[in-house]
There are 2 protein chains.
Amino acid sequence: MSVTAPAGFSAAGIAAGGAGRPDLALVVNHGPTLAAAGQFTGNRVKAAPVHWSQQVLRGGRVSAVLLDAACANSCTGPLGFQDTHAAVERAARALGHNAAEIAVAATGPMGVRPAMDRLLPGVDHAAEQLSEFGGERAARAIMTSDTQPKTAAVRGAGWTVGGMAKGSAPLAPGLATLLVVLTTDADLPATELDRALRAATRVTFDRIDADGVMSTNDTVLLLASGAAGTTPEPAEFAAAVESVCADLARQLVRDVEGATKEVLVEVVHAASEADALAVGRAVAGNAQVKRAVRAEVADWPGVLAAVGATGAAFEPHRLAVAVNGVWVCRDGAPAAAVAEVDLRFREVTLTVDLAAGDRSAALRTTDLTAAPAARAR
Amino acid sequence: MSVTAPAGFSAAGIAAGGAGRPDLALVVNHGPTLAAAGQFTGNRVKAAPVHWSQQVLRGGRVSAVLLDAACANSCTGPLGFQDTHAAVERAARALGHNAAEIAVAATGPMGVRPAMDRLLPGVDHAAEQLSEFGGERAARAIMTSDTQPKTAAVRGAGWTVGGMAKGSAPLAPGLATLLVVLTTDADLPATELDRALRAATRVTFDRIDADGVMSTNDTVLLLASGAAGTTPEPAEFAAAVESVCADLARQLVRDVEGATKEVLVEVVHAASEADALAVGRAVAGNAQVKRAVRAEVADWPGVLAAVGATGAAFEPHRLAVAVNGVWVCRDGAPAAAVAEVDLRFREVTLTVDLAAGDRSAALRTTDLTAAPAARAR
């Protein structure tokens, strides 16, 4: 499991301050190849580590990833970028690598610069602790509000894809950052990694409800070592990457503090996938819908109102809604009795039939709304 | 104050069930003119009363408005529309009016039809109770989660604009419906009323944060009796309508159960008003920003992250943010110390400078996030 499941990688997770919980992770690709691909936040306000890593990824090669869970280094201006640069140079020196091939990711408080007297010695310490069995420790070191480390791996014919993620957060109040590092020992060029990663994130991490808070730090990286000496079929490799991403995404949804329900929102008979997704996101993110799910009430009118606020193609009088498979709304009006729906279990499925085409999409969310006001007091 | 402040109107507010709290209001225009304008929800799933009233308003004449606060009659299909029609016919009979000139508005539970054995006798009872002093009672009868009735009036030179509103709700969890009836004794054609109403709602009711939940029932009506026999200057009349709407909108923001802060979000130096509004809505609706305001923390990076998720024109490294007038962020980086900001008072102002033009916009919201999960338990 984790990033050291494939051959050719080592990792470490340490407490950069020397005490306290682990907050700094390092993942090193020992090659022979260093091909890599990355996906980053769509937020136009990007943290310094994102700016740095986007530059690195343009070269298609990554020899190491440094992950700081103690400071997001976001909204810190040119000085914050210098801090990121200094941390990378320190890692390059410690590892004997080219700084231009070292990616960085970070999560934690925004608007403050990292404490360099903690971070720089931490980088040295992490480099000393690198181990081919260090994947689990790295996964623990990137946790913030997460209650559990999140790791996954899939084995192909002579090659492996492994990965770790952090972020109870993309769905929960607070730190909304998603950090993911995927590794493989397959021998593939950066273009192929990029194709597989894009396809996988589109149907996994992009389909968990983010409560409308888009982080400045979201980073998803895929590194290939080529150590297995095997080049898988593109489709087979893409399926493995998607499977690891789906596993991690599901773990993210499960690890949302305070959630009592896991909700699958399915949209069927849409005119386009974009419509299906827009409707799915509107329903998954709707406060009234989430509150009803939490209260174990089949509030299909709330679902219709969420659908009605989108620009998707549909006729209001043809909409249908099922809750846990019971069609409580047909033709935009009441159908089966709401009392027939059993909402006592943790898993809830909301199905919206747009009666407008043959496309569909599914998203995962929870019953937790953006920020329970009571918690902030 | 309220809808009976101008001459030519009577109103009633009664408990349609005969007992319990008032839940049915009737506002009657005694003329001599019956010109009217209306603005309705942008939700494509519209309640039966909205469908009915949109038809009525096409004629530009309204002799009476029936408001039911016990049942939204939304997502009820053709049968729900028949119920609305029957209630209107009953009101037409009771008042001796033309049914095609009677508007309807409603709020309450969705997905269920109104209890006609309550509603129809209620219509008769309301017609019997009509009084030229009934404005306050009508304003009380349309309350749902509101803790106070909301009324306002402005006097011009020989004419008056009055109004009532309900909806702690556009900003609060739960029933998100905004119902507003404005009245005037000025003598103006429907086209002039329509122009004034559109201009007023655009900068008042459309600029309070609706937490992403768009009601299927939102209705804002403006009725003119002409009883004052005066035709005001268009600009003067428009200013009075805007003033009444602004007063009611402010009352809506104040009456949000559980809110501890009233937040004014100002966006300045935007390239366009649309950009300013988009940024304002993104900030006002952002869960992280609201939570920080509630906790009395000047979380300007959270504001930047909200801005960064929009498509507005700006350069991240030129953004500035002030909290209660203290510029805690300049050039996208820390400026004045966050500790200099005093957030102990109820009123909070967040200012975003996009450094991209000369347009601006302001919105009002509260520190209350969509749906405190704890409340639903």
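Let's start with a salt bridge in chain B: Glu262(B) pairs with Arg346(B), and the closest N and O atoms are 3.5 Å apart. By salt bridge I mean a side-chain nitrogen of Lys or Arg within 4 Å of a carboxyl oxygen of Asp or Glu. Glu262(B) sits in strand 10 (residues 262–270) of chain B, and Arg346(B) in the loop between strand 13 (333–334) and strand 14 (347–353), so the pair ties together parts 84 residues apart in sequence. Strands here are DSSP runs of E, at least two residues; helices are runs of H or I, at least four; both are numbered from the N terminus.

Buried or exposed? Glu262(B) is buried, at 6% relative accessible area. Arg346(B) is partly exposed, at 35%. The cut-offs: buried is under 20%, exposed is over 50%, partly exposed is in between, with a 1.4 Å probe and protein chains only.

In chain A, shared partners join Arg250(A), Arg254(A), Glu262(A), Arg346(A) and Glu347(A) into one salt-bridge network.

A word on the basis. This is a predicted model: local features need pLDDT of at least 70, side-chain atom pairs count only at pLDDT 80 or more, and totals for chains, interfaces and linings use all residues. Residues are numbered from 1 along each chain as written, chains are lettered from A and ligands numbered from 1 in written order, and side-chain values use heavy atoms, without hydrogens and water.

How many salt bridges are there over all chains? The search finds 38. Take Arg118(A) and Asp23(A), with closest N and O atoms 3.4 Å apart. Arg118(A) is in helix 3 (residues 116–128), Asp23(A) in the loop between strand 1 (9–14) and strand 2 (24–29), 95 residues apart. Both are buried.

Next, Arg207(A) and Glu273(A), at 2.9 Å between the closest N and O atoms. Arg207(A) is buried, at 9%. Glu273(A) is partly exposed, at 22%.

Cys245(A) is buried, at 0%.

Now the domains. An automatic or database assignment gives chain A domain 1 (9–254) and domain 2 (262–376).

Last, the UniProt record. Its unreviewed entry annotates "binding site" at Thr144(A), Lys166(A), Thr177(A) and Glu257(A). Such positions follow the numbering used here, feature names are shortened, and annotations may be inferred rather than shown by experiment. Thr144(A) is buried, at 15%. Glu257(A) is partly exposed, at 44%.
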